Amino acid sequence: MSFRYEIRLSGAGGQGLILVGKIIAEAAAIYDDKNATQSQSYGPEARGGASRSEVIISDGDIDYPKATDIDLLLAMTQEAADKYAGEVKSGGIIVADSDFVKSPPEGDFAVHCLPITQIAEEKVGKKITANLVALGMIHKLSGVISEESVINAIRARVPRGTEEVNIQAFKYGQDLVD
Amino acid sequence: METLETIENNVSILANHYRKYLHTISRFKNSLIQALESSGKLMQIHLWRSSSSPRAEMGIIASLTADIRTRVQHVSCYYALQFLHMNFRHLDILALGITSGTALTDVYRQFIMNVGRDFRTLTKAYLETLLDIYLPASNREDFIICSVGTRADQDDIDLGIITADGAEDEDMNRALQKITQHMLVYATPLHLHLSEHVGKQLYTTTIPEYTQLFEKQIQDFVIISELLNATKIIGGDALFERFQEEVIARFFYHPSRDIKYHEGFLRGILGDARALLVSPLGTDTISPKDDAIRIIKSIITAKKAIHGVQQVNAWEIIDALKQKEPHLASEYEQLFRATSFLEMFKFLLQLFIAQEETFRLDEVDKNQLALIAQKMGYKPIGTISAWDQLIIDYYRHVGEVRKLCDFLLEDATQHLSSVSLFVKMLRAAGPLEAGGGPKASLAQELIQTARFFTGVRYWEDVLNLLQSDTHLLNTFIDGFEKLEEETKADVIRAYMTWAQHSPITIMRLITIMGKKQENVIGDTVSRLMSLAFLQELEQLPYITERLCKIYSHYPQFIHEFLQILSEPHYEYLYRILARPVIDERFEQYQVQLKDLCEIHQWSSRYFLRFFSRVISHHPEHLNSLTSSSQLSEIAAGLLAMVDVLPGHTEKKRVLGDYYDLEFLRIGIGSMRGADLGTTNREFTEFCDNYMRKLFDVCSEEVGQESTAVLPSTDTFAIFAAGGHAREQAYDDDYDLIAIVDTEDRELIGYATRIITRMNREILKRGLLPHYRLGEILGGFVSPLSQIIDYLSSDDEESFIDLSQLLGARMIVGSSIMKSIFNEKILDRFVFSDKAFYINGMIHEIHGRQNVVEQCATESCNLKETRGGLRDIEAVALMLKAYLGIYAPLSQDFFPEISNRVPEVADELDVLNRSMYYLRTIRDLYRITVAVEDSILPDYLERVAPIFRESGRTQWGSSEQIMEQVQSTLRDSTGACDRVIDFLQSQIQQ
């Protein structure tokens, strides 16, 4: 029986969620030799300020590339947490940024509401790396992709010269969950 | 292998994501070479150089083995090699082009076109080969694969896949699922936006699915934009032609077609263009796509739909539009060049930095930036690096594009207005029929028709029509008001769903209606809508950013909206503005917007009058509200500009702007807790600047109209009297005394003409110029001889005028005139007989005390009450007379004379403090409540926060302020009495 893992990354434009989606998908598909699909918000939804990216990872064929039963939700804003928490499956995981999610969702799922942006700002010195801190948390909590693959995918995706700082942010995210 | 090393070296200068292709090559190249060698076909395949027939070579590679997995890996390895060769080849051609002497923008355009063409050819070959592997042609139903995005973009490939009606396309979808996976892993990911939003299948859609979707609602304009730019890359012509006719054609303008599709698309795409245009540019990031390219594409796609242009490439569309609209040829030419530059820059940023849309300049590798500049043909000039020049050009192009697109947006709006169903509906609306009638529900009809257009955001033409046609607006509002309460509530709710998609539209509608209903009392429909709108707004995601974005581009519009709000409404806005904004670009606007709300909420109408005048003339000043020094600099610039302007009308207009802006600056300072001394000093300074300059301009104007010699300032002087003379801020009138030391009727006539013109300008500022002495003596300008005669008479009123003259401060006039005034008026009528003046004033005070009301808890007159400002000013005048002081009564008068009358030094200290406190309350009351001397405790709630926020918490509530006022008045009364006693005792000696 093949496994299927659905991740939804949600928040506001400019928070780097599309990039995280691409990194996860490429880590799984290119470096971990799994199947993966990645989609992103486009059209009017993205025009309202919201940003959403979805990744589905499977070791078999992905016959339906839309997320319907979310295993892990990253909510980087309150609006995103409010909108998508209801679609997280029973026993799923919600990762939220407590800097922006002041009322974490409640339900039959585990919530990890931690100061993601603050960690990025204080430890990495760059607020903009909050997405990579979140990626570290997702990696640790989901356990569906290998660390080496994620780091390879980070290296292949981030701008030249920023590789180390982004990997550092990723590792801070992993530490947050420990 | 040497050739692989060459490729690796070449890739090492590219952005990191190109390593994916090296990864594929290194994984499968040995297997591929081995298979080719075994089959003897190695020589037929271009592995280490570009191929001119990739489709044929992929076919050969795919035929090497029967194993599907291996076939895909081999083809993907070949694709990766060809993809890298293609990029390197075009970079070499670019370098040649740069040195060729051809205009750079032409080189850029050619580069992007060629890369796009070759990338399309390569990906088409890859897609076809994979399709052959997973779904042989013999098993396929009729289908087409269309490219719907930018051809040269290598970050993703936007595709639309359409199959024949009712085709059993499970096999096709299964094949596409595999291909999508391979594209993600080995090549460029596919993006199937159309399939994600249309139809039931995962990857394919049918023509009926599109038509059914569009019948219901105009839908997502992004889908329509993609459809309008669709180019068939694989599949049959007949199906594509049918698709164009049945699905796409409806969005092009044609008088005989149902206009709603075209109109809906235009409203969607123009709304998107406008939303992008109002987005402020990042300060430390650049995004060629969001900053400009998307705006260009939205506008030209709108124009394409208007003019039926069939081309799909941006440059070809612009060329076609140039033919269709020759009057806009130069605008399109500029757009053409800017597009070339921006597409080239974006391509190289993605090629050398990262496959992103937004680039943070502070974190990008500087060597890579230098490389991009060099590839684009830039060279260092002296100390200016090539990159610096490039980035300057970038902002220049972005600025140009935004300006041009703003203009073209207006142009497209005219077309929209001429074909719109809504505009037709509104124009057809006649006057409201008595007792209601069908036209009474225009608001209802409008919102019902708008259902098909749900989600679109551009309604400027409709709103412009409502705003400009008073008759229509009346019909609209009256009809709305006449609806049954329940229906009215339903209609308002319906408008709120509109607000979800386009807050700016409803905000503007409410503003238009609100202005019309400004003076109507009660729950007008505009007030009901405002409240419903603010409640709705609070629920909308990312509304803080959205409001800030609107404000950043349309500050005046937001200002107008705030003008029609009631005080309780502001709480909603404060809650919204208190939310954290994620995008740092908006932080400054968030602060400014909050400030603007506070000014609107806490300002008196008196203050708002100045504020609104400034903003209506110069909306750009809204961006400076948070910075007093910035406003001050602008004001200084305006004052300086008056001297260099050629015409008097223009000079007076700019001078008026100077006055209003300075008034606004100082008023904002007061609201933020500025010290009274600073306020009075700065206020007096700008008022004097204004009056002196106004005198110069008006003198010059009168002088140019006549050959006569004008009165000089040795014979003509203007004195400020009353509050302006005492350096008191926020008077709503201007007491003036104009004096000439001549009997020459002609000179007096000219002086009068100057004063008349000055009065006209002063009135425009909302100030009433008063010439009490002039009125008594029969003209604005009073000859000195007449003043002397009048003061020498037994007229009882003359004492008041003498007091005004004693307190007067010369603002225009020479030192000669000042000496004459001192000698002939002050010496002769005041200082030579101090006792007469002091006794007269004491008589005056006692006479008034019999009629004035005491300060009460429910109301208190700060000026006329015993111990109030008038008493304090009277005491000051007596002391001025007693001590023979020529200088006007400055705000530091009491401390300055204290050592000359040590007997009452303590009393003077009390009077000084009392005057300070009472004037502070007076000023703040004027700025936040009304220009009244009587203060009402309820309204002190508007004053108290200013004390609280400036740390003076002892007066942080209206009760505390009232108590302090009463205690101040008591202290002041005692001090006044004691000083009067002292003066009486002195003059009797």
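When I give an angle between two helices, the axes are lines fitted to C-alpha atoms over the stretch in contact, and the angle runs from 0 to 180 degrees between N-to-C directions. Please keep in mind that this is a predicted model.

With that, the first pair. Helix 39 of chain B, residues 869-883, packs against helix 41 of chain B, residues 905-928, at an angle of about 140°, and the axes are 10 Å apart. Angles over 145 degrees would count as roughly antiparallel; helix 39 and helix 41 of chain B are therefore oblique to each other. Their crossing is left-handed. Which residues of helix 39 of chain B meet helix 41 of chain B? They are B:Leu869, B:Ile872 and B:Val875, and on helix 41 of chain B they meet B:Leu911, B:Ser914, B:Met915, B:Leu918 and B:Arg919. By class, the contact between helix 39 and helix 41 of chain B comprises six nonpolar residues, one polar and one charged.

The second pair is also in chain B. Helix 5 of chain B, residues 104-134, and helix 6 of chain B, residues 170-186, have axes 10 Å apart and an angle of about 135°. That makes helix 5 of chain B oblique to helix 6 of chain B. Here the crossing is right-handed. From helix 5 of chain B come B:Leu127, B:Leu130, B:Leu131 and B:Tyr134, and they meet B:Ala175, B:Lys178, B:Ile179 and B:His182 of helix 6 of chain B. The contact of helix 5 with helix 6 of chain B divides into six nonpolar residues, one polar and one charged.

Now the domains of chain B. The assignment gives domain 1 as 2-214 + 241-249, domain 2 as 259-411, domain 3 as 420-540, domain 4 as 542-602 and domain 5 as 852-989. I will take domain 3 and domain 4 of chain B, whose C-alpha centres lie 23 Å apart. How many residues of domain 3 of chain B are in contact with domain 4 of chain B? There are 18, and they touch 14 residues of domain 4 of chain B. On the domain 3 side, helix 22 (503-516) and helix 23 (525-539) of chain B each supply at least two residues. That side of domain 3 of chain B has eight nonpolar, five polar and five charged residues.

Next, chain A. It has an open sheet of six strands, in the order 2-3-1-4-5-6, and the pairing is mixed. Strand 2 (35-40) and strand 6 (109-114) of chain A are the edge strands, each pairing on one side only. From one strand to the next, the twist averages 10°. Strand 5 of chain A, residues 88-97, runs parallel to strand 6 of chain A, and six bridges join them. One bridge partner to point out is A:Val111 in strand 6 of chain A, which pairs with A:Ile94. Helix 5 of chain A, residues 130-142, packs on the sheet and touches strand 1 (4-12), strand 4 (70-75), strand 5 and strand 6 of chain A. The direction of helix 5 of chain A makes about 150° with that of strand 5 of chain A.

Last, the contact between the chains. It takes 35 residues from chain A and 34 residues from chain B. Which elements of chain A each supply at least two residues of the side that touches chain B? These are helix 1 (17-31), strand 2, helix 2 (44-47) and helix 6 (147-157) of chain A. The side of chain A that touches chain B has 17 nonpolar, 11 polar and seven charged residues.

Methods:
Residues numbered from 1 in each chain as written. Chains lettered and ligands numbered in written order. Predicted model: local features only at pLDDT ≥ 70, side-chain atom pairs only at ≥ 80, totals over all residues. Pairing = 2+ DSSP bridges. Helix = DSSP H or I, 4+ residues; strand = E, 2+ residues; numbered from the N terminus. Contact = placed C-beta atoms within 7 Å. Parallel < 35°, antiparallel > 145°, perpendicular 65-115°, else oblique. Left-handed = near helix turned anticlockwise from the far one by under 90°. Nonpolar A, V, L, I, M, F, W, Y, C, P; charged D, E, K, R; others polar. Domains from an automatic or database assignment.
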